[in-house]
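Welcome! Take a moment to look over the chain shown here, and then we can walk through some of its features together.

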Amino acid sequence: MSEFNTFSEVIQTSIAADDFVKITLSKPLRKNDGLRNIYVRLVLIKEELKMSFTYHYKTNDQVKNFGITEGTEELQNFLLTTFRTAVVFTLKEDLQVFVSKKKVVSFKKGAPSFTNKPPVTHDKPKEKRAEMGAYLRYLGVTDSDNNVIPKMADKFRQINKYLEIMEGLISNAKLPKQVQIVDMGSGKGYLTFALYDYLVVQRKMNVTVTGIELRKELVDYCNDVAEKCEFENLKFECKPIQEYENQKIDILIALHACDTATDDAITKGIIAKAGLIVCAPCCHKQVRQSLKGKEQEDPILKYGIFKERQFEMVTDTIRALILEKRHYQTKIFEFISNEHTRKNVMLVATKSTKDVDEKALNQKIKGIKDAYGIEEHYLETQIQ
């Protein structure tokens, strides 16, 4: 199609002029295909410039590299068959490409969104989101010269991974301009402080963060650090999760809240209609203990270590299904690698306006409970 000549020329001209930034393809024609969007950047592989395609699917990402001509043809093909919109970002201008249902192509030029090009290294360097704020020194992560203490290197990596995850989750959630975050079971507050610093100090967002912790010595310690750092909208309260009564929660966080404390936290988030619920469940005792003495037909459950892991998965799956009944879109993924801790699963729920098939979800929950002889899940008793 002749209309695509303009599209191809802009790409090749910008690459030749060394002002190419990236290309994005979005608005898929068929959402059930699972391919959400495509991101294209330039990479240098064995001294040869390539177009690196990152295909963002619903459940995973895939990366493929093409030569410039081959990559341009790949882009045209996807615009003809899969996506309705593309944007070519250059340092000179942005070119938006629109493809109608009748395959009519139109263009719109705009001011450039970027003033700098990304690096063309093949392995994209890891971005550290945790700047060396004073809170890291007070919490014992860095020394007086702002160097990460060697024994705290894993903790610093965990902080950065957490901020990377939260950055993506927050950007995709529907939240008010003034965001109330409640971190239930905040402990010593490493991640609580990091999130506050990242959102308020670095990104200048209007955010209030409250940490809920049962151990008074940790609450006093964290409030003292918050005061020293002049974190005015960060506070910690000493109380059980069940006693926290604030109905204004936009983001509910519960990282490693033990056993049913995770369910208590999820309950608070559901009642408050939180836009985002983020949990890293820990110590899954309730279901496992309720099944003591019951014979399991599955031979895998003959072995204690497998039984423990299986019931962890069962517990969190039921939690996810209950959240879906309450109009949340859920996903479960690895938080940090197993080399740091085996308690590495993160359960995320984002508030949705989509209709749900409550009957089907109830059947799924019942099917799991029947399969293992579970009478009730604690979260069910809290959410009626």
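What share of the 384 residues in the chain is buried? Buried residues make up 46% of them. Please keep in mind that this is a predicted model.

Here is the chain as a whole. Its secondary structure amounts to eleven helices and 14 strands. The accessible surface is about 20700 Å², and carbon and sulfur atoms account for 49% of that area. If you take the contacts between residues at least 6 apart in sequence, 65% of them join residues at least 24 apart.

Now let us turn to a sheet. Seven strands form an open sheet in the order β4-β3-β2-β1-β5-β6-β7, and their pairing is antiparallel. At the edges you will find β4 (61-66) and β7 (105-110); each has a single partner strand, so one side of each is left without a neighbour in the sheet. On average, neighbouring strands of this sheet are turned by 20 degrees against each other, direction ignored. As background, strands of a sheet pair through backbone hydrogen bonds, either parallel or antiparallel.

Strand β3 (residues 48-57) is joined to β4 by six bridges, and the two run antiparallel. Tyr55 stands opposite Gln62 in β4. Across β3 and β4 lies helix α2 (residues 68-81), which also lies across β1 (20-28), β2 (35-45), β5 (83-90) and β6 (94-99). Helix α2 runs at about 25 degrees to β3.

Next, a look at the surface. Leu44, Leu49 and Val120 form a nonpolar patch there, and together they have about 190 Å² of accessible area. Val120 sits in the loop between β7 and α3 (134-138).

Two residues can be set side by side for their accessibility:

What surrounds Thr330? Leaving aside residues up to four places away in sequence, Thr330 touches Ala320, Leu323, Glu324, Val348 and Ala349. Thr330 and Ala349 are 19 residues apart in sequence, while their C-alpha atoms are 4.4 Å apart in space.

Note on methods: Residues are numbered from 1 along each chain as its sequence is written. This is a predicted model: local features need pLDDT of at least 70, side-chain atom pairs count only at pLDDT 80 or more; totals for chains, interfaces and linings use all residues. Side-chain values use heavy atoms; hydrogens and water are left out. Two strands pair if DSSP finds at least two bridges between them. Helices (H or I, at least four residues) and strands (E, at least two) are DSSP runs, numbered from the N terminus. Axes are lines fitted to C-alpha atoms, for helices over the stretch in contact, and angles run from 0 to 180 degrees between N-to-C directions. Contact means heavy atoms within 4.5 Å. Patches are made of residues with over 30% relative accessible area and no salt bridge: like charges are joined within 9 Å, nonpolar side chains (Val, Leu, Ile, Met, Phe, Trp, Tyr) within 5 Å. Accessible areas come from the Shrake-Rupley method with a 1.4 Å probe; for residues, only the protein chains shown count as cover. A salt bridge is a side-chain nitrogen of Lys or Arg within 4 Å of a carboxyl oxygen of Asp or Glu. Buried means under 20% relative accessible area, exposed over 50%, partly exposed in between (1.4 Å probe, protein chains only).
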